[in-house]
Amino acid sequence: MTALTLENIRVSYGETLAVQDVSLRVEPGEVHALLGASGAGKTTILRAIAGFERVDSGRISMGSGCVDDGQRWTPPERRNVGVVFQDYALFPHLSVARNVAFGMKHP
């Protein structure tokens, strides 16, 4: 089972096309990085994976289920995806580990 699949996703903000025809496959245990110039769509892709942006077309699947295909959409809180924002979202009084663990559920 593939951990994450993006198939020809497209995301726009009104008339502005942010991501077009992006496909990616991440297998369990793999680590990937998105590289590109400023404005290339890296953050938009990550936001779409997390569920903060919806795709106009294409498909995002996690495990064996579709989480967004332009019609069906799973909200962020049901995707089991962790996000650490780039700016202004870290607690300065906590360590890196405690910032990352802040929202985690404990049994």
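At 15% relative accessibility, threonine 74 counts as buried, where buried means under 20% relative accessible area, exposed over 50% and partly exposed in between, with a 1.4 Å probe and protein chains only. The model is a predicted one, so local features need pLDDT of at least 70 and side-chain atom pairs count only at pLDDT 80 or more, while totals for chains, interfaces and linings use all residues. Residues are numbered from 1 along each chain as its sequence is written, and side-chain values use heavy atoms, with hydrogens and water left out.

Threonine 74 sits in the loop between strand E4 (65-68) and helix H2 (96-101). Helices (H or I, at least four residues) and strands (E, at least two) are DSSP runs, numbered from the N terminus. Setting aside residues up to four places away in sequence, threonine 74 touches Cys66, Val67 and Arg79; contact here means heavy atoms within 4.5 Å.

Strand E1 (residues 4-13) pairs with strand E2 (residues 16-26) in the antiparallel sense, over seven bridges; two strands pair if DSSP finds at least two bridges between them.

Another threonine, threonine 44, belongs to helix H1 (residues 42-50). Threonine 44 is buried too, with a relative accessible area of 9%. What does the side chain of threonine 44 make a polar contact with? The partner is the side chain of tyrosine 13, at 3.1 Å. A polar contact is a pair of N or O atoms within 3.5 Å; within protein, one must be able to donate a hydrogen and the other to accept it, and residues adjacent in sequence count only if both atoms are side-chain atoms. Beyond its neighbours within four places in sequence, threonine 44 is in contact with Val11, Tyr13, Ala18 and Val19.

As for charged pairs, the structure holds five salt bridges, each a side-chain nitrogen of Lys or Arg within 4 Å of a carboxyl oxygen of Asp or Glu. One of them joins the side chains of aspartate 56 and arginine 10 (3.2 Å, N to O). This pair links distant parts of the chain, 46 residues apart: aspartate 56 is in the loop between H1 and strand E3 (57-62), and arginine 10 is in strand E1. Aspartate 56 is partly exposed at 36% relative accessible area, and arginine 10 is partly exposed at 33%.

Arginine 25 forms a salt bridge with glutamate 27, with the closest N and O atoms 3.0 Å apart. Arginine 25 is exposed at 52%, whereas glutamate 27 is partly exposed at 28%. Arginine 72 forms a salt bridge with aspartate 69, and here the closest N and O atoms are 2.8 Å apart. At 47% relative accessibility, arginine 72 is partly exposed.

Finally, the largest pocket has a volume of about 630 Å³. On a 1 Å grid over the protein atoms alone, a pocket is an open set of points where a 1.4 Å probe fits, with protein on both sides within 12 Å along at least five of seven lines, and lining residues have an atom within 4 Å of a point. Grid points are joined across faces, edges and corners, and the volume is the space filled by probe spheres set on the points. The lining has 23 residues, of which Leu46, Ile49, Val81, Gly82 and Val83 lie nearest the centre of the pocket. H1 gives the most to this lining, with five residues.
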